[in-house]
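Here's a quick briefing on the model below, written for someone who likes the cut-offs spelled out.

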Amino acid sequence: MRDVSSCKTYNYGDAHYWDARYVQEGESLFDWYQRYSALRPFIRNYIPPTSSPVLVVGCGNAVMSEDMAKDGYEDIMNIDISSVAINMMKTRNKHIPQLKYKHMDVRDMSCFPDESFDGIIDKGTLDSLMCGNDAPISAAQMLGEVSRLLKPGGVYILITYGDPKVRMPHLSRPVYDWNTILYIQPRPGFQRPDGCSSSRKSNLEPVPVTENGFLPAEYVMEDPDSHFIYVCKKKDAAELLSLYRLRIDDLL
């Protein structure tokens, strides 16, 4: 189903909406949800800064890729459905060789061969598709492409407003061959009320989930408007072989 709770009155899944918005905003920059400084511990933990290729989907006019380049990432491909955003960012960052830009629909990234990237970062792009028409089909097309493009052992990091009840049905399809870990990050600027102590040691700790990937009924978020960070690690050859052997054993 469409994630209508976060769509408001805008069609975030439509390229014409984004082109018009970026024309209106001119050369201003905007990072959705979280800045790189807040996401840095998660990204560096799962995608170390090397020459390994990284894909940022729905890059828009955010500065996150620029910050990643400053932090040591050497090969960052940025794509967006808006040609206006891509042309603007390509011009802005033409002096940064680590950054590349392509106008592309995340539902069809066929110009990239299989297993092209060690990491794929999505900050709100799946959310946008969930606001469009044919949301479940669009989500399946996008996630199928993401899985195809990840190298074995590669990681898809999704930053979203979607809680596990609305995101895990899409992420947990066996065809994607990945394991998912959940983190919860309070919105920028959130401050815990005076006198309230946290029951969790750190936002960098994975959140315990039920067997189907949902939050336990007793789980209470400190910030109701927190962002959810899903880290989907694609199984490598050893993990797939182990899984295959387990399945064979079950049949014997």
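Aspartate 75 and lysine 100 pair through their side chains in a salt bridge, 2.9 Å from N to O; the term covers a side-chain nitrogen of Lys or Arg within 4 Å of a carboxyl oxygen of Asp or Glu. This is a predicted model, so local features need pLDDT of at least 70 and side-chain atom pairs count only at pLDDT 80 or more, while totals for chains, interfaces and linings use all residues. Residues are numbered from 1 along each chain as its sequence is written, and side-chain values use heavy atoms, with hydrogens and water left out.

**Salt bridges**

- Aspartate 75 sits in the loop between helix 3 (64-70) and strand 2 (76-80), and lysine 100 is in strand 3 (residues 99-103), so their pairing ties together parts 25 residues apart in sequence. Helices (H or I, at least four residues) and strands (E, at least two) are DSSP runs, numbered from the N terminus.
- Aspartate 75 is partly exposed at 23% relative accessibility, and lysine 100 is also partly exposed, at 35%. For these labels, buried means under 20% relative accessible area, exposed over 50%, and partly exposed in between (1.4 Å probe, protein chains only).
- In total, the structure holds 13 salt bridges.
- Another one joins the side chains of lysine 123 and aspartate 31, again with 2.9 Å from N to O. That pair links distant parts of the chain, 92 residues apart: lysine 123 belongs to strand 4 (residues 117-123), and aspartate 31 to the loop between helix 1 and helix 2 (36-46).
- Buried or exposed? Lysine 123 counts as buried at 11% relative accessibility, and aspartate 31 is buried too, with a relative accessible area of 13%.
- Asp31 and Lys123 also belong to a salt-bridge network with Arg35.
- Aspartate 105 and arginine 107 meet in a salt bridge as well, at 2.9 Å from N to O. Aspartate 105 is partly exposed at 27%, as is arginine 107 at 23%.
- As a general point, side chains of opposite charge can pair when their charged atoms come close.

**Nonpolar cores**

- The largest nonpolar core has 32 residues, and Leu55, Met109 and Tyr156 touch the most other members. A core here is a set of buried Ala, Val, Leu, Ile, Met, Phe, Trp, Tyr and Cys residues joined through side-chain atoms within 4.5 Å.
- Which helix gives the most to this core? Helix 6 (residues 135-149) does, with 6 residues.
- Leaving out residues up to four places away in sequence, tyrosine 156 has contacts that include Ile120, Met142, Leu171, Trp178 and Tyr230; contact means heavy atoms within 4.5 Å.
- Another core lies apart from this one, with 28 residues, among them Leu39, Val54, Met64 and Ile157.

**Around glycine 13**

- Glycine 13 lies in the segment before helix 1 (15-25).
- Leaving out residues up to four places away in sequence, glycine 13 touches Arg107, Ser128 and Gly132.

**Whole chain**

- The protein chain has 8 helices and 7 strands.
- Of its 252 residues, 45% are buried.
- Among contacts between residues at least 6 apart in sequence, 74% join residues at least 24 apart.
- The chain exposes about 13,200 Å², with carbon and sulfur atoms supplying 53% of it; accessible areas come from the Shrake-Rupley method with a 1.4 Å probe, and for residues only the protein chains shown count as cover.
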